[in-house]
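This report examines one protein chain, with its structure shown below. Please keep both the sequence and the model in view while reading.

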Amino acid sequence: MTQDEILDIFRRNHALLEGHFLLTSGLHSDRYIQCALVLQHPEVAEQLGRELAAKIGKTGATVVVAPALGGVLVAHEVARAQGVRALFTERQEGRMTLRRGFSLEPGEPAIVVEDVITTGGSTLETIRAVEEAGGKVVAAGSLVDRSGGSADLGIPRAALATLTVQNYDEQRCPFCRAGIPAVKPGSREK
Ligand SMILES: [Zn+2]
């Protein structure tokens, strides 16, 4: 699938909005991505997982790991496509950790995925959690890369769509200056 085909799926599901948004981080943005609206359709989730698994390619990984909550379904579908297991990390006292009895073999090769990569921060935290559990992360992936391709994890990384999303402080937001009201995504009725 091409990037345009991927983004069409997002637009059809109202998962990629263009306008003036107030993000939970407090920043203002020209685009908003909500992968859960795409992943609510199991057949679409499966298809995207298959596409991402193919794009990541053969790595020898025997497990896919994602940060909860956003990455859980992505890990599940990429793991399904690659015929391996899917685990997720959770925050415990602020620190990303494998819980629930999840474990890795010493040196077990792993792929880390998430729904949207922005700076790579949560993927890096998940990589650290995998390494602390004894695994070795060999590749990373996300459905969407909203860093414009600039997020660098030091390992091979794949994304189904790469976007450059502009973020602004309220004081510097051109939409605020133009008097366009900011929308808080998820809070508006559809
Ligand atoms: Zn603004």
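## Basis of the report

This is a predicted model, in which local features need pLDDT of at least 70 and side-chain atom pairs count only at pLDDT 80 or more, while totals for chains, interfaces and linings use all residues. Residues are numbered from 1 along each chain as its sequence is written.

## The chain as a whole

The chain has six helices and nine strands. Helices (H or I, at least four residues) and strands (E, at least two) are DSSP runs, numbered from the N terminus. Along the principal axes, the C-alpha atoms fill a box of roughly 55 × 35 × 30 Å.

Of the 190 residues, 38% count as buried. A residue is buried if 20 or more other C-beta atoms lie within 10 Å of its own, exposed if 12 or fewer, and partly exposed in between, with C-beta atoms placed from the backbone. Among contacts between residues at least 6 apart in sequence, 64% join residues at least 24 apart; two residues are in contact if their C-beta atoms, placed from the backbone, lie within 7 Å.

## The six-stranded sheet

Strands of a sheet pair through backbone hydrogen bonds, either parallel or antiparallel. Here, two strands pair if DSSP finds at least two bridges between them. Six strands form an open sheet in the order β5-β4-β3-β6-β7-β8, with mixed pairing. Strands β5 (95-98) and β8 stand at the edges with a single partner strand each, so one side of each has no neighbour in the sheet. From one strand to the next, the twist averages 25°.

Strands β6 and β7 run parallel and are joined by eight bridges; Ala110 has Val137 in β7 as its bridge partner. Helix α4 packs on this sheet, touching β3 (63-67), β4 (85-92), β6 and β7, and its direction makes about 170° with that of β3. For such angles, axes are lines fitted to C-alpha atoms, for helices over the stretch in contact, and angles run from 0 to 180 degrees between N-to-C directions.

## The three-stranded sheet

Another open sheet has three strands in the order β1-β2-β9, with antiparallel pairing. Its edges are β1 (16-22) and β9 (167-168); each has a single partner strand, so one side of each is left without a neighbour in the sheet. Two bridges join β2 (residues 28-33) to β9, and Ser29 stands opposite Asn167 in β9.

The expected span is 1.5 Å times one less than the number of residues. Leu48, Gly49, Leu52, Ala53 and Ile56 are buried in α3. They cover an arc of only 140° around the axis, which puts them on the same side of α3; the arc is that of the directions from the helix axis to the C-beta atoms. Their cover includes α4 (72-82), β6 (109-117), β7 (136-145) and β8 (157-162).

In α5 (residues 121-132), the buried residues are Ser122, Thr123, Thr126, Ile127, Ala129 and Val130. Their arc is only 160°, so they lie on the same side of α5. These buried residues pack against β3, β4, β5, β6 and β7. Just after α5, Gly134 takes a positive phi of about 100°.
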